[in-house]
Structures are given as structure tokens and as C-alpha cells.
Amino acid sequence: MLTYFHHRRDLALVLFFAVLCAVLYLVPTGFEDRSKAESVRSRSRVVEVDNSEIRTFGLIRKGTQDVVMEILSGPYEGMVLEGHNQLLGQLDRDKLFKAGDEALAVITPGADGSPEVVNPQAHYRLGLELWLLGLFAALLIAFGGWTGAKALLSFLFTGLMLWKVMVPLMLEGANPILVALGVTALLSGAIIFLVAGVNRTGLTAFAGAFTGILTSCVLAVWFTDKFHVHGAVMPFAETLLYAGYEYLDLTAIFVSGVFLASSGAVMDLAMDVAASMREVVEKKPGIGRAEAVMSGIRVGRAVVGTMTTTLLLAYSGGYLTLLMAFMAQGIPLESTFNFVYVAAEVLKTLVGSFGLVLVAPFTALAGGVLLARQRREPKAESTAQSMQNPAPAHQSASASLTE
């Protein structure tokens with residue numbers, strides 16, 4: 001009966017978040033009208049290119065590439081149109097097409113509705129991205145079963161929350177730290193309770209994870225000021241200001257990114273400790289709270305040793321070329337670690353690791369309160385009575401677990 005109730009509660013939670021994902025997908029961000037409403041975006045196939053106007057200067061190219069495309073979708077499907085690909089001499093932004101490529105064509109119609117301006121904006125990657133997402137979803141469900149399906153739902157919910165809630169609120173000028181903290185708390189609850197269920201184990205993991213994230217937030221605010229790091233170190237920060245959002249607090253957005261980036265690893269570690277403590281309590285129902293806390297801390301010690309290195313590797317992959325550029329110029333380490341770009345990455349790595357290290361004891365303390373029952377000294381009278389009428393072992397274990 002209890003298992004049936006838990007199953008129904010689990011299913012209700014999954015349905016709730018599935019509906020919430022559908023609502024988030026349909027709700028507009030409020031920024032859709034910032035681009036030209038009359039423009040049409042279509043998938044196209046490159047038929048022919050003309051590179052005669054492109055000039056090469058060392059590693060970069062400048063000029064205009066003429067691109068002839070066959071439109072494969074949208075109101076102009078079947079038409080063959082010519083567009084112009086402007087090269088800016090920026091390796092991170094320029095693209096070069098060749099015959100056979102698929103491109104995203106942005107078509108601006110004229111007054112009579114016919115195509116007037118055709119811009120091959122980028123290589124068309126949406127189909128491959130959706131295929132990759134589908135493959136990931138199939139593998140996750142095949143391996144994880146029902147738990148994998150819930151993990152996939154939490155993955156989709158996280159993406160929608162970031163794009164539909166957090167980013168628009170920050171663009172509107174809301175406090176980035178409070179917005180990110182609120183979104184992270186909501187995501188932590190959704191992810192943990194979807195995977196672990198609405199029970200004491202999930203509550204233990206959520207309490208530990210959120211406390212660790214809150215600690216990372218406080219440390220990020222403190223050390224960002226002490227490091228004299230400003231938000232302009234983030235990619236496209238200046239582009240955002242020049243696009244009419246000069247009122248944004250980029251430094252606060254940077255702080256938000258610090259604890260947001262480490263929150264996934266924090267949740268993972270909190271779930272590991274909480275699940276391990278639940279297993280210990282189930283196998284030894286009479287365990288005291290202090291002993292349960294020490295068991296959780298020992299599990300945390302074993303896991304945190306690899307998790308902090310995982311966080312370092314995850315962050316270092318993002319600034320690998322930055323370190324290579326400084327080393328290639330022979331810049332001493334003392335100078336390298338004083339540059340604002342490197343200091344910002346060091347801050348993100350270490351502050352995230354601080355939260356990761358502290359989440360284990362936080363979760364262990366929460367598990368001691370929520371999972372382990374308080375050990376009471378038996379009274380002499382009760383002891384004598386229990387000796388006369390001993391209860392079966394399986395009843396004793398069952399009773400202790402339900403308390």
C-alpha cells in the first residue's frame with residue numbers, strides 16, 4: 001500500500017513538471033519582437049559559391065562571399081536565391097560556405113512580398129542538434145529506465161527555466177544574484193525531488209545542496225569585490241551593453257554565473273551523500289544521529305576528492321586557449337595569475353570548489369536530523385517487558401524505518 005502511494009505521488013510530480021515544461025515552452029520571453037518581424041528564417045542548401053571577392057591576410061579573410069542557395073523550407077521553398085556572406089576578419093564569427101552545405105537563410109521580403117535581401121546567417125545545425133538530443137534521450141531512458149526519464153524531464157525543465165525565466169528577468173534589470181539564486185533553488189528542488197522522490201532522502205539532498213549553493217553565492221560576492229573582477233570579462237558582455245542594455249550590472253551577472261556553474265556538481269554530491277545515508281539507516285535502523293552524520297561525512301570525503309578535480313577540469317576546458325596564449329608569449333606565472341581574465345577563472349574554480357567541499361557536511365547534518373531517528377535510552381520497565389515479549393526482528397526494523 002505504501003509503495004503504491006509513493007508511486008502515485010511520483011507520477012503526479014512527473015506530470016506536474018511535464019505540464020510546467022509545456023507551459024514554459026509556450027510562454028514568450030518578451031524579446032521576440034526585437035528582430036525584424038518581417039524576416040523569414042529558412043533552411044537552405046548551398047548550390048554555388050563565388051569567393052573571388054575574398055582577400056586573405058595571414059590567418060584571416062575579409063571580403064564578401066556570394067552564395068547561391070536553394071530554399072528548403074518556409075514560404076519561399078523551392079526558390080533559388082543569391083545571398084552575400086560578409087567576412088569581418090574575425091575567426092570566431094566568420095564562416096565560409098561551400099557547395100552542398102546547409103545554411104540558415106534569413107530572408108527579408110520587399111514591399112510586394114518577394115525576396116529582397118538574403119543573408120546566409122550560419123551553417124544550419126538545428127537538425128543535427130535535435131538528432132543528438134534525441135540520441136541522448138534514448139540512451140538515458142534505455143539505461144536509466146523510469147529514473148532516466150525523470151532525469152531527462154529535469155534536464156528539459158532546467159533548459160527552459162534558464163532561457164524562459166532567468167535570462168529575460170536579467171535583461172529586464174532584475175537583481176541578477178537574487179534571480180539566479182531563486183532559479184537555482186527551484187531547479188535544485190525540481191531535479192532532486194524528481195530523481196529521489198518527495199521523501200526524506202530528497203529533502204536531505206535539497207537542504208544540503210541549497211546550503212552549499214548559498215555558501216558559494218556569499219563567497220562569490222565577497223571575493224569578486226576583493227579580486228577587483230568586473231563582469232566585462234564575460235564573453236559578449238560589451239556587445240550586450242552596446243545593444244542598449246547599458247543599465248545591466250555585469251559584475252552581479254558574473255557573480256551569478258559563478259555559483260550557477262557549480263550548482264550541478266553540488267546537487268550531485270548532495271544526492272550521493274543523502275542516498276548513502278538512507279542506505280545506512282535502512283540497513284541499520286537503530287543507528288543514532290551522530291553516527292549517521294559521521295557515516296555521511298565519510299561518504300562525502302570519498303566523493304569530494306574526485307568531484308573537486310572534476311570541477312577544475314570542467315572549468316579549465318573553457319579557458320585552455322587563454323592559458324596557452326600566455327604561455328606561448330613566455331609571460332611569467334606571477335603576471336599570468338594577476339591578469340583579470342585569469343583571476344576571474346581562478347575565482348570561479350575555487351569558489352565553486354568551496355561550495356562543493358562544504359556541501360558534504362551540510363548534507364550529512366541534514367541527514368542526521370531527517371533520516372536517523374533519535375536514540376533513546378530504554379527505561380528499566382520497558383526493557384523488562386520487551387525481554388518477556390520480544391517482537392519479531394522484521395517488525396522492529398520496519399517500525400524504525402517508518403518513524
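Contact here means heavy atoms within 4.5 Å. The model is predicted.

**Helices 2 and 3**

Helix 2 spans residues 126-171 and helix 3 spans residues 176-196. Their axes lie 9 Å apart, at an angle of about 170°. Angles over 145 degrees count as roughly antiparallel, so helix 2 is roughly antiparallel to helix 3. The crossing of the two helices is right-handed.

Which residues of helix 2 and helix 3 meet? Helix 2 brings Thr-147, Lys-150, Leu-153, Ser-154, Phe-157, Thr-158, Met-161, Leu-162, Val-165, Met-166, Leu-169 and Met-170. Helix 3 answers with Pro-176, Val-179, Ala-180, Val-183, Leu-186, Leu-187, Ala-190, Ile-191, Leu-194 and Val-195. By type, the residues of this contact are 18 nonpolar, three polar and one charged.

Phe-157 belongs to this contact. Leaving aside neighbours within four places in sequence, Phe-157 touches Leu-186, Leu-187 and Ala-190, and also Phe-17, Leu-20, Cys-21 and Leu-24.

**Nonpolar cores**

The largest nonpolar core holds 63 residues. Phe-17, Phe-157, Phe-254, Phe-259, Leu-269 and Leu-356 touch the most other members. Two or more residues come from each of helix 1 (2-26), helix 2, helix 3, helix 4, helix 6 (250-283), helix 7 (289-316) and helix 10 (340-370). Helix 6 gives the largest share, 15 residues. A second, separate core has twelve residues, among them Val-46, Met-69, Leu-81 and Ala-105.

**Two residues and their surroundings**

Is Thr-224 buried or exposed? Thr-224 has a relative accessible area of 3%. The cut-off for buried is under 20%, so Thr-224 is buried. Thr-224 sits in helix 4, residues 200-226. Its contacts, leaving aside neighbours within four places in sequence, are Val-229, Thr-251, Phe-254, Val-255 and Leu-347. One of these, Phe-254, is among the residues with the most partners in the largest core.

Ala-325 is in helix 8, residues 320-328. Its relative accessibility is 35%, so Ala-325 counts as partly exposed. From Ala-325 to Gly-305 the separation is 20 residues in sequence and 30 Å in space, C-alpha to C-alpha.

The table sets out the accessibility of both residues.

| Residue | Relative accessibility | Class |
|---|---|---|
| Thr-224 | 3% | buried |
| Ala-325 | 35% | partly exposed |

How values were computed
Residues numbered from 1 in each chain as written. Predicted model: local features only at pLDDT ≥ 70, side-chain atom pairs only at ≥ 80, totals over all residues. Heavy atoms only, no water. Axes fitted to C-alpha atoms, helices over the stretch in contact; angles between N-to-C directions. Helix = DSSP H or I, 4+ residues; strand = E, 2+ residues; numbered from the N terminus. Parallel < 35°, antiparallel > 145°, perpendicular 65-115°, else oblique. Left-handed = near helix turned anticlockwise from the far one by under 90°. Nonpolar A, V, L, I, M, F, W, Y, C, P; charged D, E, K, R; others polar. Buried < 20%, exposed > 50% of the residue type's maximum accessible area, 1.4 Å probe, protein only. Core = buried A, V, L, I, M, F, W, Y, C linked by side-chain atoms within 4.5 Å.
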